[in-house]
Each structure stands twice: as C-alpha cells, then as structure tokens.
Amino acid sequence: MARLLAYAAFGGAQGVVGSGDLAVRALSSPAAQIQVRPGACAILNRAAGATYQAYAGRLPTSDPINIAATGSSARSDLIVARVENPYSYGETWANPSNPVVGPYIFTRVISGVTKTTTDVRQVRPNDSALTLARIDIPANTSAITQAYIKDLRKMVSPRRDRVLYTSFPGDLSTLSYSDAKWRNWPGAASWSIDVPSWATRAKVVITFAGFRMTRADVFARMQTKFGPYLGQDTGIDDDTGSQTRRSTIVLADNWNISSALRGTTQTLSVQTWMSKTETGDVHVDSNTSIVADVEFVESPDEEEL
C-alpha cells in the first residue's frame, strides 16, 4: 500500500525531487572516487507483478563511491540509485542486516557500458533503479574529474511557470542606420520579470508582429537581453527597396539560470544593431504588437554546487 501511495504521489514517474538532488560530482582534488550529493528520489518498482508501485528514497549525506582505474582502453560507467528489496516478489537480493531500517537503496556502479548509454534500462531493464550519471573515463586514468561526468538525472515532477508579456507601442519609434553598434531598442520591448527561486532554465520567445521598415534596404540584427544574459542574434535582411513594408520578427533563446539570479527580478529587453552599408530604417508604432513568451523550468541543476 505504501508503494502504491508513492506511485500515485509521483504521478507514476521516477526521478530526483529537487534540482540539485543526487548530483554526481568529482572530488575537489580528483581521485579514484566520486561523490553523490544528498537528496531525494522516486524509483519505480520493476519487480515482477509490481505494477503501480514506487519507492521514495532519501540520501541524507554525501555518498562516496570508488571508481576503478582504466587500463589501456577507455571505459564508461553508469552511476545509479538502485532499490535492492529481497522481500519484493521474484527479487533475489541479499537480506539486510536489519530488516526494519535496511538499507534497501544503494548507489551502484554499472561498469563497462557503451558511451551512448543514457538509461539503466538499456543495460539492466528489470532493475528498480534510477540513472544518475555516466562517467566516460579515458584510458590509463585513475583520477576522475568533473569533465568525465555526464549528468543524466531527470526531475520526477519539475515545476514550470509560463507567462505572456505584451507591449503595444503608442507612438512611432525609429532606429535609423548609423554606426553599427548595439542599441537598446525598441524601448517598448522591456519587462520586469520575477525569476522563481526554483528555476534552473528560462525559455524566451519574443515576437514582433507588424515590424515596420522604410526608406531603403535594411540589414540589421536583434537579440534578447535578460539580466546579464545576451541571446543569439537574429538577422533582418530585407532587400525590397524604398517602399514601406512590414514583417514578423521572432527571437528565441534558452538559458541556464544561475543560482545568483533565482528569486530576483530581472529586466527582459531587446537590443538592435543596424548596418552602415544598408540605409533603411526600422520602426515600431501603433500597428506593432510585441509579445514575450517567458517560461521558467525546473530541471537538474547544471551549475557546479
């Protein structure tokens, strides 16, 4: 019954509970050992006849795990959290020394997997186990560095927060071709955004509908700016001449959110660069709609803890 309740509570999914939970980290002074950080997780019961069952587990302190050195060939090891419950039907695990307190969940190393392995079910499909990381170890190596560790954790129930922000310029705002420098334009594309304390990623799409161009050909670039982050350039290359015309411009970015920005308020805005060689102007006006689609996502934290 407890495992059924755990299954229902986690929505039939498995993964870590918090974004930093059970992160696999190299030691500060690399050695033949790694650490699994404290945290909590949900693990589906894959024993025979165990449908609609899950385990809830917690690692209260860091777990040091030894990693064997490689010889003349490289090797990949999978790091998993595995339930070894001998009382579940069909399981053959050894009985714990104390049946009341166990332990029943262990950090295990599955050594010698392929470098493309991303899930424990690819190598041990019947294990009640949660994939944490894969370590790709070069030949003749005994000291594990963070660069060898690929984080494979997934959140059991990630939080999301999505909001649409809009702006409708009341007056004409023009940016003329000039000195090929980035300008904070248009001013109407600016919003104060509250970053959730749990957010580890931000997905931002800004759309300009009815973006106006006049006078001559236009060659420009636009990018989003969110707090200290600058987005990728989006090019605007319009060779239709001197007539007034309108277009739709879309900017999109996907950022990791550092711990320093979580729980703060940051400004989302746009920067525009105009070429010196093309002499057209760009505008936003009362016929322009600016829409910012901002989604914050909780995912395994990629920031070094």
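This is a predicted model: local features need pLDDT of at least 70, side-chain atom pairs count only at pLDDT 80 or more; totals for chains, interfaces and linings use all residues.
In what order do the 4 strands of the open sheet follow one another, and is the pairing parallel or antiparallel?

**View 1. An open sheet is built from 4 strands in the order β8-β7-β9-β10.** The pairing in this sheet is antiparallel. Look to β8 and β10 for the edges, since each of these strands pairs on one side only. On average, neighbouring strands of the sheet are turned by 25° against each other, with direction ignored. Zooming in on β7 and β8, you will find 8 bridges in the antiparallel sense. For a handy landmark, pick serine 76, whose bridge partner in β8 is valine 113.

**View 2. Aspartate 77 and arginine 75 form a salt bridge.** The closest N and O atoms of this pair are 2.8 Å apart. Are the two residues buried or exposed? Aspartate 77 is buried, and arginine 75 is buried too.

**View 3. Arginine 183 meets aspartate 179 in a salt bridge.** Here the closest N and O atoms are 2.3 Å apart. Arginine 183 has a relative accessibility of 36%, so it counts as partly exposed. Aspartate 179 is also partly exposed, because its relative accessible area is 26%.

**View 4. A salt bridge joins the side chains of aspartate 301 and arginine 262.** The N to O distance is 3.0 Å. Aspartate 301 sits in the segment after β22 (289-297), while arginine 262 belongs to the loop between β19 (245-256) and β20 (265-274), so the pair ties together parts that are 39 residues apart in sequence. Both partners, aspartate 301 and arginine 262, are buried.

**View 5. Met1, Leu4, Leu5 and Tyr52 make a nonpolar surface patch.** The patch covers about 500 Å². One of its members, leucine 4, is found in helix α1 (residues 2-9). With 39% relative accessibility, leucine 4 counts as partly exposed. Another member, tyrosine 52, lies in the loop between β4 (39-44) and β5 (54-59). Why does tyrosine 52 count as exposed? Its relative accessible area is 55%, and exposed means over 50%. The backbone deserves a glance as well: tyrosine 52 has a positive phi of about 60°, although it is not a glycine.

**View 6. Asparagine 140 has a positive phi although it is not a glycine.** The phi value is about 55°. This residue belongs to the loop between β9 (129-137) and β10 (149-151). At 63% relative accessibility, asparagine 140 counts as exposed.

**View 7. Glycine 102 and proline 103 are joined by a cis peptide bond.** If you check the torsion, omega is about 10°. Proline 103 lies in the loop between β7 (75-83) and β8 (105-113).

**View 8. Tryptophan 185 and proline 186 are joined by a cis peptide bond.** For this bond, omega is about 0°. Where does proline 186 lie? Proline 186 is in the loop between β13 (182-183) and β14 (190-194).

Methods
Residues are numbered from 1 along each chain as its sequence is written. Side-chain values use heavy atoms; hydrogens and water are left out. Patches are made of residues with over 30% relative accessible area and no salt bridge: like charges are joined within 9 Å, nonpolar side chains (Val, Leu, Ile, Met, Phe, Trp, Tyr) within 5 Å. Accessible areas come from the Shrake-Rupley method with a 1.4 Å probe; for residues, only the protein chains shown count as cover. A salt bridge is a side-chain nitrogen of Lys or Arg within 4 Å of a carboxyl oxygen of Asp or Glu. Helices (H or I, at least four residues) and strands (E, at least two) are DSSP runs, numbered from the N terminus. Buried means under 20% relative accessible area, exposed over 50%, partly exposed in between (1.4 Å probe, protein chains only). Two strands pair if DSSP finds at least two bridges between them. Axes are lines fitted to C-alpha atoms, for helices over the stretch in contact, and angles run from 0 to 180 degrees between N-to-C directions.
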